[in-house]
Amino acid sequence: MIVRGLLVLLLIGFSASLFAIDREPAFTDPALQARYDRLTEEIRCLECQNQPIADSNASIARDLRRKVKEMIAAGKTDQEVLDYVVARYGDFVLYRPPLAPRTWLLWGGPFLFLIIGLLVAVSVIFKKSRLVDDEDELEVEETD
Amino acid sequence: MLRYLIPVVVFAVLVGFFWVGLGLNPGEIPSPLIGKPAPIFELPRLRDPEQYLNNADMQGQVSLLNVWATWCFACRQEHPILNEIAESGVVPIFGLNLRDQRPAALRWLEQLGDPYAATGFDGDGAAALDWGVYGAPETFLVDADGTILYKHIAPITHGVWRDELLPRIQAAQNRQ
């Protein structure tokens, strides 16, 4: 009896809906729900900046989720929903900012630094290998 | 010579980036609406739900739109300054009462004074969402033709009023 009770408690603990922000799914149609899930993961909550609106209980996140739901229900495309929030809150609201001239450094930065690092590494290796070839210099260093 | 200069230059560039980057307040997200026409809105008024507050009410004069709520602690801190601004008559302030309870909001105005030419009651935050509001208090400066000129996030202080808002208000009023 106790075991069964514990089992039930355990099952409740694992039920996904217990952790959901919304009490029930936004849509009964799984295709629409999938779009809703994707979009609410993509939009940043501005009050709690390291959470998507899907994960946040802040009032702005709730309002934005409702807006996303309304727009999907009204037949808007994903792009139209994202354009709506960007027009009001700027690129910052998106977890993946668009590729534009002012974000080139942001997107290209990692590759830029990778190339710089590779160039430095190659030049260091090149210099060292020339040192080893030079027997005299090696001996001088060893006597040190 | 160069091999000693390069690290110094790299260091200087990094210091420059950190100086600027760490000086920014991540809580303040620049509004893309600045320089754009104010979003179309129509809200029932706080005092008289039969009447509405909309873009037309703000048209024809430079004005402020102040987002406030009774649940907003910083709004209480800001309120005396709003009263001062209203008393000075420099610029009309319109209120947007965000996700609030009507009786609580009315009591607030009764106790602290009412600096607003009119207040719209945005119970579900739909109009605020259109204005790109993500918290309270936020204050928009709107031109006579309905263009958003400036947005201040966080409470208005005397310094903010003197340095950020008043010069812009006067410039806008002189253009009229």
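Two strands count as a pair if DSSP finds at least two bridges between them. With that in hand, take a look at strand β3 (residues 63-68) of chain B: it pairs with β6(B) in the antiparallel sense, over 5 bridges. Keep in mind that this is a predicted model, with an ipTM of 0.80 and a pTM of 0.78. Here's a quick tour, starting with the sheet in chain B and ending where the two chains touch.

**How confident is the prediction?**

- Chain B has an average pLDDT of 93, and 100% of its residues score at least 70.

**Strand β6(B) and its partners**

- Strand β6 of chain B covers residues 138-142 and is joined to β7(B) by 5 bridges, with the two running antiparallel.
- β6(B) and β7(B) make a hairpin with 5 residues between them.
- In the turn of that hairpin, B:Gly146 has a positive phi of about 90°.
- β6(B) is mostly covered, with 5 of its 5 residues buried.
- B:Glu138, B:Phe140 and B:Val142 point one way from the strand, while B:Thr139 and B:Leu141 point the other way.

**A closer look at B:Asn97**

- You'll find B:Asn97 in strand β4 (residues 93-98) of chain B.
- Why does B:Asn97 count as buried? Because it has 29 C-beta neighbours inside 10 Å, and the cut-off for buried is 20 or more.
- Leaving out residues up to four places away in sequence, B:Asn97 touches several others, including B:Leu46, B:Trp68, B:Ala105 and B:Phe121.
- B:Gly125 is 28 residues away from B:Asn97 along the chain, and their C-alpha atoms are separated by 8.8 Å.

**Two helices in chain A**

- For helix α4 (residues 59-73) and helix α5 (residues 78-89) of chain A, the axes come within 10 Å and cross at roughly 145°.
- The crossing of α4(A) past α5(A) is right-handed.
- On the α4(A) side, A:Leu64, A:Val68, A:Met71 and A:Ile72 do the meeting; on the α5(A) side, A:Glu80, A:Val81, A:Tyr84 and A:Val85 do.
- By type, the residues of this contact are 7 nonpolar, no polar and 1 charged.

**Where the chains touch**

- How many residues of each chain are in contact? There are 12 from chain B and 13 from chain A.
- The side of chain B that touches chain A is made up of 7 nonpolar, 3 polar and 2 charged residues.

Note on methods. Residues numbered from 1 in each chain as written. Chains lettered and ligands numbered in written order. Predicted model: local features only at pLDDT ≥ 70, side-chain atom pairs only at ≥ 80, totals over all residues. Contact = placed C-beta atoms within 7 Å. Nonpolar A, V, L, I, M, F, W, Y, C, P; charged D, E, K, R; others polar. Helix = DSSP H or I, 4+ residues; strand = E, 2+ residues; numbered from the N terminus. pLDDT = per-residue confidence, 0-100. Buried ≥ 20, exposed ≤ 12 C-beta atoms within 10 Å, placed from the backbone. Axes fitted to C-alpha atoms, helices over the stretch in contact; angles between N-to-C directions. Left-handed = near helix turned anticlockwise from the far one by under 90°.
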